[in-house]
Amino acid sequence: MIFTLPGSRTVRAFTAAVVGGAAGAGVYGLQSAGGVYAFTAVGAAVGALGYLAAGFYRRTARLTEMRITVPQLSELTFVVNDHTRAVSWQLFVESVTRTSTQRLDDGDGNLREVLTSLYGLFATTRDILKAARPTGHGDGVTVEYLAVNLLNRELRPFLSKWHVRLREFEDANPGLDESRWPQAAECRRELARLQDDVQKYVLDFARLAGVRDPELMLGTVPRTP
């Protein structure tokens, strides 16, 4: 057990001496005490260890390995437990309900709306990772690794490029429809490729969460902007 000792070096040294002295007195007392006291102390220690072991078991329950192909990388082995499934489910729900994960037909939809949705997905994914405790266990890859790759390899490069360009067009042409933007077709082509990759991440989150038939959900879940 690790104790965090408060205060200055002198106070920490004094506190450590008190704790050490108390532990030594306890050991001496057990050696000198009758059998009932010794058995009581041993029983308490066993009970505490059992409680800690049960907590560890709950944290690592249903531990499994899963091989998943990560876009732009390779097939990786993920170690999955209940906490991993919970975080993956949050990431899946936030991803699958976004307009940004759904393909736009030529001439349909609004690029500004999609870029805003992508920014929302970026921010929400980051917030989920910040709020959740680490899911790592053993040598397997974690769902955090998958989510960070979604942010840094997919969303960040696209948004850094196209948000700036679309904003420049909007600022220079207030009120003009974005269909008049000379780079609209190129942006849509790159957006389609990005959405294909994002959907692969969404499916990976679903598999880690244990979702059945996630491909169907990608097309049927109501979308939010």
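Arg112 is buried in this predicted model, because its relative accessible area of 16% falls below the 20% limit (buried means under 20%, exposed over 50%, and partly exposed in between, with a 1.4 Å probe and protein chains only). You will find Arg112 in helix H4, which covers residues 111–131. Helices here are DSSP runs of H or I with at least four residues, strands are runs of E with at least two, and both are numbered from the N terminus.

So what surrounds this arginine? Leaving aside neighbours within four places in sequence, Arg112 is in contact with His163, Leu166, Arg167, Glu170 and Glu178, where contact means heavy atoms within 4.5 Å. Take His163: 51 residues separate His163 from Arg112 in sequence, yet their C-alpha atoms lie 8.4 Å apart in space.

Now step back to the whole protein. Its secondary structure comes to 7 helices and 2 strands, in the order α-α-β-β-α-α-α-α-α along the sequence. Of its 225 residues, 36% are buried. Among contacts with a separation of 6 or more, 66% link residues 24 or more positions apart.

A note on reading these values: residues are numbered from 1 along each chain as its sequence is written, and side-chain values use heavy atoms, leaving out hydrogens and water. As this is a predicted model, local features need pLDDT of at least 70 and side-chain atom pairs count only at pLDDT 80 or more, while totals for chains, interfaces and linings use all residues.
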